[in-house]
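Please open the model in a viewer and keep the selection tool at hand. The stops below proceed from the whole chain to single residues.

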Amino acid sequence: MQGLGSILMNLSHFMRIERTTDGRSRHVVVHTHDPRMVLELAPDRDSPDGMGKGVIKRVCVPNSWAGNYSQYGKLIAAAQEFFQQSRAEPVPKRESRRLGL
């Protein structure tokens, strides 16, 4: 497993997925490298931009991380930072076509 410091510095290991079902959007941030993690977020309506870093709805981490709150707490903070940055930066057209967006 990589050191956590290098994970936090490399936001390219994260991917944001947004799906709309029944008029409601779901936002999921996935850490694609070890350790794998999924974070489901809801928009933070109290933030100035209406999204903020998101409100955590669900976290899925490996069982081997059970009880190691400081370790995945840092990863969750990095995922929320990625979520906020990814909402602020538009996806290039070529990339959105590749992803079928």
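Begin with the whole chain, which is a predicted model. Among contacts between residues at least 6 apart in sequence, 46% join residues at least 24 apart. The chain has 101 residues, of which 33% count as buried. Its exposed surface comes to about 6800 Å², and carbon and sulfur atoms supply 51% of that area.

Next, colour the chain by secondary structure.

Select the four strands together. They form an open sheet in the order β1-β2-β3-β4, with antiparallel pairing. The strands β1 (14-21) and β4 stand at the edges with a single partner strand each, so one side of each is left without a neighbour in the sheet. From one strand to the next, the twist averages 25 degrees.

Now proceed through the sheet pair by pair. β1 and β2 run antiparallel and are joined by eight bridges; as an example, select threonine 20 and its bridge partner in β2, serine 25.

Move on to β2 (residues 24-31) and β3 (residues 37-42), an antiparallel pair joined by five bridges. These two strands form a hairpin with five residues between them. Select histidine 31 to find its bridge partner in β3, methionine 37.

The last pair consists of β3 and β4 (residues 55-60), again antiparallel, with five bridges. Here leucine 39 stands opposite valine 59 of β4.

**A loop residue**

Return to the loop between β1 and β2 and select aspartate 22, which lies there. Is this residue buried or exposed? Aspartate 22 is exposed, because its relative accessible area of 76% is above the cut-off of 50%. Its backbone also deserves a look: most residues other than glycine have a negative phi. Aspartate 22, although not a glycine, has a positive phi of about 55 degrees.

**The nonpolar core**

Select Phe14, Val29, Met37, Leu39 and Ala79. Of the 15 residues in the largest nonpolar core, these five touch the most other members. The elements that give two or more residues to this core are β3 and α2 (69-88). The helix α2 gives the most, with seven residues.

Stay with leucine 39 and display its surroundings. Leaving aside residues up to four places away in sequence, leucine 39 touches His27, Val28 and Val29, then Ile56, Arg58 and Val59, and finally Ile76, Ala79 and Gln80.

**The aromatic pair**

The ring centres of phenylalanine 14 and phenylalanine 82 are 5.7 Å apart and the ring planes stand at 25 degrees, so the pair is stacked; the cut-off for stacking is under 30 degrees. Phenylalanine 14 belongs to strand β1 and phenylalanine 82 to helix α2, so the pair ties together parts that are 68 residues apart in sequence.

Technical notes. Residues numbered from 1 in each chain as written. Predicted model: local features only at pLDDT ≥ 70, side-chain atom pairs only at ≥ 80, totals over all residues. Heavy atoms only, no water. Pairing = 2+ DSSP bridges. Axes fitted to C-alpha atoms, helices over the stretch in contact; angles between N-to-C directions. Buried < 20%, exposed > 50% of the residue type's maximum accessible area, 1.4 Å probe, protein only. Contact = heavy atoms within 4.5 Å. Areas by Shrake-Rupley, 256 points an atom, 1.4 Å probe, with all protein chains shown as cover. Core = buried A, V, L, I, M, F, W, Y, C linked by side-chain atoms within 4.5 Å. Phe/Tyr/Trp six-rings, centres within 6.5 Å; stacked < 30°, edge-to-face > 60°.
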